Amino acid sequence: MPMTLRRIRRYPRTLLLAIFLLILSVQLVKAASEYDPYKILGVSRSASQAEVKKAYKSLAKEWHPDKNKDPNAEDMFIKVSKSYEILSNEERRSNFDRYGQMDENQQFAQSQHQGFRGFHNSFYFDESFFHFPRSRDFADSKYLLHHGQFNTDVLPDSHKRPYLIKVTSEWCFACIHIEPVWKETVLELEPLGVGIGIVDLGYERRLAHQLGAHRAPSIIGLVNGRVNFFHQAVVREHLRQFIEDLLPQKLVEKITDDNYRVFLDSWRVENKPSVLLFDQIPIVPLLYKLTAFAFRDYVRFGFVDQGDTHNIQLLRQFNINTYAPTMLLFKEDSEKPVDIIQARGMKRQIMDEFVSNNKFLQVPRLVNQQLFDDLCPVKQFHRRRKYCVLLITGDDQAFHPGNKAFLEFASANKKDVLRFAYVYQRQQQPLCQALLHNQAALSPQVVILERRSHAGKVMYRSVSGGWNGSEEDKYHLHEQLELLQKDPTYLRSDATLPELNNEMILIIQWMNSAYDYIVQIYDDLLYSNWREMMPILSLIFSALFILFGTVIIQGKTPRHNSFRPPKKDFVEVTELTDITYISNLVKLRPGHINVVLVLTNASKNALLRKFAKEVFSFSGTQTLHFSFLNADKHRHWMPSLLCSTSGAMRREVHSDEDEESANYAGHVLALNGHKKYFCLFRPVFTGDNPNDSSSHSRSRSHSREDGTGPKRGSSRATSIEVHHKLDRLGLWMERLMEGTLLRLQVPAWPSLSEAANSFAES
């Protein structure tokens with residue numbers, strides 16, 4: 001009987017709980033149904049995105065709390081903003097049109113069900129059980145990030161400034177707790193140049209998943225596209241230090257009396273201007289570090305502590321005012337700064353303007369394509385013309401006087417439309433060959449050019465007479481620039497420039513990046529942040545699996561005649577003589593091919609170097625052998641071989657008036673000794689010919705690859721320079737490996753000693 005009474009007493013409690021949950025659900029559903037974003041924005045359900053956006057702008061301007069003093073203005077502004085967020089996203093709008101619900105309402109229903117189940121199982125009330133929405137601060141709306149905006153704007157921008165991102169939710173009580181600290185941090189860091197972002201888990205689950213944030217609140221630092229999680233207590237000082245620790249190492253160098261000379265004179269190696277900041281504080285300000293991070297690709301930054309006794313000589317050298325922070329900017333002249341600013345309260349805008357106006361040296365060296373694009377931009381409008389005066393020179397000691405004279409001439413220039421630069425011919429050979437018509441400059445040359453398209457098209461004119469830095473050269477160059485100012489059509493030659501070689505050494509940057517990644521992995525292990533570490537661990541284990549799997553498979557797989565990367569850094573080339581002829585051709589194993597280069601004594605060195613360069617990538621193939629035949633020693637062998645073929649090849653050989661004068665230097669033959677056939681490569685002209693159109697040149701070049709090109713005795717074929725004869729040999733080798741070349745059959749291989757007699761008889 002007592003057991004029965006206890007059971008009867010339990011049912012009213014359960015019944016009351018069920019009634020309470022039912023009433024709560026009804027009220028929430030009713031509230032969701034009463035909320036209609038279409039009515040709030042005053043648009044129809046068939047309104048276009050343009051109409052929705054127009055209505056939102058009008059209402060947001062009307063109800064903005066800063067302009068509308070109505071007590072309900074803030075609530076109305078929030079409703080308008082939330083309505084626009086729903087209707088501007090096609091997925092959320094579709095969910096609302098179908099179910100009359102938003103994403104957060106659906107998530108509420110799921111969490112409500114989980115909370116109800118948890119109550120029956122363990123009588124535990126999780127904070128997600130009660131979801132009472134709070135009004136989002138209207139000031140946060142400008143920081144809200146969307147998935148598309150994050151990938152198109154924020155990720156690229158993170159290479160210039162760090163971002164501090166808060167992951168929050170409207171149903172998060174802990175987010176309310178950290179809100180005051182977050183606002184103070186934003187007010188401090190945003191003026192310094194730190195990007196601020198907010199991700200709402202209820203609206204941007206795809207972006208949150210991309211960031212690896214699966215709970216709220218979370219605070220993330222984004223630098224150089226890399227995500228880092230904040231693990232300490234949410235205190236303003238900790239957040240500030242978190243951002244500072246994310247910046248790359250050695251952005252700013254500490255400068256003293258001992259090293260300032262080396263720092264300022266390093267412009268020759270670094271190819272960058274130098275900035276020195278003098279301040280009374282002993283540590284580098286975060287504002288200065290952020291500026292250095294934004295301009296690290298263009299300028300070097302140093303910091304001088306004015307209170308340090310080791311900097312007295314430095315302060316006297318440049319007459320520094322010790323009562324206000326001072327910035328000096330140096331270029332080629334390390335004795336005198338080209339620009340200076342002093343201000344008691346340094347602002348980010350002042351620093352950015354100061355550095356951006358002096359990003360380049362007076363005469364920078366073009367070391368990569370990015371620097372070329374920034375220094376000499378492509379012409380867009382007539383008033384934005386930028387002419388680039390380019391000195392093509394060398395890095396030897398003999399070129400230094402001329403280079404110094406060119407710098408003096410550029411320093412005296414006051415015209416903004418002229419940009420001066422120089423290149424080393426040895427490091428930028430493709431660019432110099434395009435401007436010098438494939439001719440090596442014996443002395444420095446000056447070229448005036450104007451870029452016309454991003455594809456590399458330029459209009460240019462070479463200054464006649466070269467450049468040695470004399471007063472006559474300066475006067476002549478000045479005269480040419482004056483003529484250019486009067487007549488823009490003065491540049492009459494055109495060319496398509498290749499992309500510049502990247503000469504910058506990136507080993508130090510790679511080491512710093514590796515250090516940053518090691519620190520990140522250490523932090524993840526320290527805080528057991530396994531969820532965020534899963535991509536890194538997955539990548540490591542996948543790489544190890546592929547590495548060991550490949551080694552095991554290669555160890556157990558028998559090796560056949562297949563292509564392998566060359567094990568040596570050179571190509572073994574054997575000369576065909578009476579001794580090696582039989583073993584390298586007549587008795588060659590089935591499936592093996594001997595690639596033979598025909599040369600003469602005069603062209604031997606040049607052709608062998610070019611031949612080794614073109615066939616090096618194929619030297620790992622076990623079925624290919626490489627040889628050369630001296631046509632001066634065995635001048636009858638090639639005509640004898642060609643006469644043994646039939647058809648067009650035989651007629652072409654007999655069409656030559658004088659067999660003795662035929663020039664076979666630069667021909668390449670692929671000889672299959674077992675099946676008695678060969679493929680023929682003829683020298684190909686790849687340079688510019690003013691008498692022939694480019695399309696005609698290309699068609700003739702392709703025909704020569706098949707062995708069916710123009711006659712050997714034509715003026716075009718004989719005019720090919722020695723270093724151009726094997727220009728397209730690499731493509732011919734690829735077709736040889738594919739088996740698509742024309743095969744010429746021979747009844748028998750002529751011997752080297754009997755070739756002269758057999759040719760005379762034929």
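This is a guided tour of a predicted model, one selection at a time.

**Stop 1: the salt bridges around R240**

Select R240 and E188. Their side chains form a salt bridge, with the closest N and O atoms 2.5 Å apart. The pair links distant parts of the chain: R240 belongs to helix α10, E188 to helix α8 (residues 173-189), and 52 residues separate them. R240 is partly exposed, with a relative accessible area of 27%. E188 is partly exposed too, at 25%. E188, R236 and R240 are linked in a network of salt bridges.

Next, select D157 and R161. Here a salt bridge joins the side chains, at 2.7 Å from N to O. D157 has 22% relative accessibility and counts as partly exposed. R161 is also partly exposed, at 29%. In the model as a whole, the count comes to 18 salt bridges.

**Stop 2: R451, a residue with two contacts**

R451 and D373 meet in a salt bridge of 2.8 Å, N to O. Which elements does this pair link? R451 is in strand β12 and D373 is in helix α16 (residues 369-375), 78 residues apart. R451 also lies over the face of F372, 4.7 Å from the ring centre.

Is R451 buried or exposed? Its relative accessibility is 5%, so R451 counts as buried, the limit for that class being under 20%. D373, by contrast, is partly exposed, with a relative accessible area of 29%.

For another charge over a ring, select K359 and Y298. K359 lies over the face of Y298, at 4.4 Å from the ring centre.

**Stop 3**

Strand β12 (residues 445-451) pairs with strand β13 (residues 457-462) in the antiparallel sense, over five bridges. I448 has R461 of β13 as its bridge partner. The two strands form a hairpin with five residues between them. Select G456 in the turn: its phi is positive, about 110 degrees.

Move on to β14. Strand β14 (residues 493-496) runs antiparallel to β13, and four bridges join the two. Select Y460 to find S493 of β14 opposite.

**Stop 3: aromatic pairs**

The structure holds 15 aromatic pairs. Select Y38 and F96. Their pair is tilted, with 6.2 Å from centre to centre and 50 degrees between the planes. The pair links distant parts of the chain: Y38 sits in helix α2 (residues 37-41) and F96 in helix α5 (residues 90-99), 58 residues apart. Both Y38 and F96 are buried.

Now select F318 and F330. Why is this pair edge-to-face? The ring centres are 5.1 Å apart and the planes stand at 65 degrees; an angle over 60 counts as edge-to-face. F318 is in the loop between α14 (312-317) and β8 (326-330), while F330 is in strand β8, twelve residues away. F318 and F330 are buried.

Finish the rings with F406, F409, F420 and W467. These residues form one aromatic cluster.

**Stop 5**

Select A216 and P217. A cis peptide bond joins them, with omega about 0 degrees. P217 lies in the loop between α9 (205-211) and β3 (218-223).

Go to K250. Its phi is near 60 degrees, a positive value in a residue other than glycine. K250 is in the loop between α10 (236-246) and β5 (252-254). At 78% relative accessibility, K250 is exposed.

Then take N271. Phi of N271 is likewise positive, near 60 degrees. N271 lies in the loop between α12 (267-270) and β6 (274-279). Its relative accessible area is 11%, so N271 is buried.

**Stop 6**

Select I540, F541, L544, L547 and F548, and switch to a surface view. These residues make a nonpolar surface patch of about 520 Å². L547 is in helix α21 (residues 530-556).

I582 is in helix α22 (residues 581-586). I582 counts as partly exposed, at 37% relative accessibility.

Technical notes. Residues numbered from 1 in each chain as written. Predicted model: local features only at pLDDT ≥ 70, side-chain atom pairs only at ≥ 80, totals over all residues. Heavy atoms only, no water. Patch = residues over 30% accessible without salt bridge, like charges linked within 9 Å, V, L, I, M, F, W, Y side chains within 5 Å. Areas by Shrake-Rupley, 256 points an atom, 1.4 Å probe, with all protein chains shown as cover. Salt bridge = Lys/Arg side-chain N within 4 Å of Asp/Glu carboxyl O. Phe/Tyr/Trp six-rings, centres within 6.5 Å; stacked < 30°, edge-to-face > 60°. Buried < 20%, exposed > 50% of the residue type's maximum accessible area, 1.4 Å probe, protein only. Lys NZ or Arg CZ within 6 Å of the ring centre and 35° of its normal. Pairing = 2+ DSSP bridges.
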